[in-house]
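Subject: Structure for you to look at

Hello,

Please find the structure below, together with its sequence. My notes on what was found in it follow.

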Amino acid sequence: MTAVGIDAIEIWTGKLQLDLPNTFAPAKGEDPEKYTKGLGLETSSFPDTYEDIVTMGANAAKRLMDRRDLSPDDIGRIDVATESAFDNSKPVSTYIAGCLEQVYDGDFHHANKGERKFACVAGTQSIDDAYNWIRAGRNRGRAALVIATDTALYARGDPGEATQGAGAVAMLIDEDPSVVELSTEQGYGSADETDFLKPNQQFPSVDGKRSMQVYLARMREALEDFESVAWDTHPDDFEFIPFHTPFPGMVRKAGLLGYRHMIRGTDIEDDLEAEIGRQPRESEYDSWDAYEDAIRDYMDELKRTDRYRDWYGETIEPTLGLARRVGNWYTGSVHVARAASLKHAAEQGVDMTGRKLLVGSYGSGAQAEIHAETVRDGWADEVSALSIDDQLDRRYDLDFDEYETVHDAHNHDLDAEIEEFTQPDGEFVHTGWGRMNERKYDYVE
Ligand code: COA
């Protein structure tokens, strides 16, 4: 069977940054270490006044098409995943195609376009759609463009304000891919939950603490479901495990839970027995509560062992390098984590070809998805072409008043007109609204 997976990746960050420990925390009267140590964040990306989900998505896609010398005829599908859409009917992919048609010869008139919604898991679902379309033989030799783009803004004063971000990830899904091949095996953990939602409103209603519990519960179900169709996973099976990363502190919890699950009944549990005992088994306890307390105690011990810390440092920590600097990109977040881990491997000179990743996506509402990926031999060229470090270094650093002004400028209910902080250069920009309230875009040379 021909391999299908991710052939190319490009990342576009919002052009402003908010320094969380040094600007946000003091203004909120909080300890900066809540951000650096607790949540694991340094800065969040924000969109400048002329940026939105369309410009960021189109700019990421243009970089990808230019770098791979693609024309619109090479693309048979454009799927956009977002939870920041501004229209209940016209999909963001049509706006992005319209932008790209301004700068390329040809058009996307024969490309299938859509918009995927399931909170942050929608980016991974769009990859699934592309995978299935290719596997079904409906692609006519063409590739799919998947774009995950979001402005993750929360109402001011909401606890979620600590975990904002803005940016886009564009991915080319194709046969014989250069970056990773996707496993056919997938696991799902899905339930009707109300941890985070936006019922026809721009800023989310969030039960933050509940969303963290739901993330872990659904992720665990998804791992069990994956194992039921794949194999009993072992921590050493995977070079990296990129998770959906709303903030790195969330992944710290997910990594520990996953490790505990994977070592059960393995050589690692045996090796750790003398140090911390064996994992509690449900049958040994009279009640579920007593069992859960015992599991919690075991996890507290487990996370202090050298064996776990070494594994976490090698397998999980490298996935967080970009998230610490960009914050939450919702649908793009897990794809930023994958890119960060491959970028880390390239910087360390590790040959990843043939090695495996386990990818854990999550969307509130709620659904987790887990699948495996096998790294392909073009990965290093792709990853070394990313310009994300330069983009991050060039961001304009907002002071707190500027942050509040930018937040207002992106608030759909306010009419705040402000000057941009950066100069657009070789990119798509939002220029205003047309007669039917549609958004208008131009390419600035
Ligand atoms: N030094 C070290 N750690 C500190 C600290 C300090 N001075 N102050 C706080 N912390 C730790 C807390 O102990 C906590 O870690 P823990 O969860 O391991 O206990 C973490 O920093 C966050 O602090 P907390 O007081 O819980 O922050 P908060 O009330 O602002 O809420 C979220 C954090 C994530 C719930 C909130 O930002 C949110 O609602 N975000 C949006 C929803 C989301 O992203 N959900 C994730 C699943 S999708």
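Is Y330 buried or exposed? At 1% relative accessibility, Y330 counts as buried, where buried means under 20% relative accessible area, exposed over 50%, and partly exposed in between (1.4 Å probe, protein chains only).

Before the rest, two notes on how to read the values. This is a predicted model, in which local features need pLDDT of at least 70 and side-chain atom pairs count only at pLDDT 80 or more, while totals for chains, interfaces and linings use all residues. Residues are numbered from 1 along each chain as its sequence is written, and side-chain values use heavy atoms, with hydrogens and water left out.

Y330 sits in the loop between helix 11 (323-326) and helix 12 (333-348). Helices (H or I, at least four residues) and strands (E, at least two) are DSSP runs, numbered from the N terminus. Y330 is not a glycine, yet its phi is positive, at about 45°. N437 also has a positive phi, near 70°, and is a residue other than glycine. N437 belongs to the loop between strand 14 (427-433) and strand 15 (439-444). With a relative accessible area of 59%, N437 is exposed. The peptide bond from G365 to A366 is cis, with omega near 5°. A366 lies in the loop between strand 11 (356-363) and strand 12 (367-375).

The nonpolar cores

A nonpolar core is a set of buried Ala, Val, Leu, Ile, Met, Phe, Trp, Tyr and Cys residues joined through side-chain atoms within 4.5 Å. In soluble globular proteins, nonpolar side chains tend to be buried together. The largest core here has 55 residues, and Y215, I241, F243, L302 and W311 have the most contacts inside it. Apart from it lies another core, of 36 residues, including I6, I9, W133 and V180.

Leaving out residues up to four places away in sequence, Y215 touches F243, H244, P246, M250, V251, A254 and Y362. A contact here means heavy atoms within 4.5 Å. A254 is in helix 7 and, at 4% relative accessibility, counts as buried. Beyond four places in sequence, A254 touches Y215, L216 and F243.

H244

Where is H244? It is in the loop between helix 6 and helix 7. H244 is buried, at 3% relative accessibility. Its contacts, not counting residues up to four places away in sequence, include C120, Y215, N328, Y330, S333 and Y362. The side chains of H244 and S333 make a polar contact of 3.2 Å. A polar contact is a pair of N or O atoms within 3.5 Å; within protein, one must be able to donate a hydrogen and the other to accept it, and residues adjacent in sequence count only if both atoms are side-chain atoms. H244 and R338 are 94 residues apart in sequence, and their C-alpha atoms are 9.5 Å apart in space.

D7

D7 is part of strand 1 (residues 4-13). D7 is buried, with a relative accessible area of 7%. Its side chain joins that of R68 in a polar contact of 2.8 Å, and reaches the backbone nitrogen of S178 at 2.8 Å. Among the other residues that D7 touches, not counting those up to four places away in sequence, are L172, D174 and E382.

The ligand

Which residues come nearest to the ligand? Of the 20 residues around the ligand (a heavy atom within 4 Å), these are D31, K34, K209, S211 and K253. A nitrogen atom of the ligand is 2.9 Å from an N or O atom in the side chain of D31. For ligand oxygen atoms, the distance to a side-chain N or O atom is 2.6 Å at K34 and 2.3 Å at K209. The protein covers 71% of the 970 Å² of accessible area that the ligand has on its own (Shrake-Rupley method, 1.4 Å probe; for residues, only the protein chains shown count as cover).

Helix 2 (33-39), helix 6 (208-229) and helix 7 (248-263) each supply at least two residues of the shell around the ligand. Helix 2 gives the most, with five residues.

Regards
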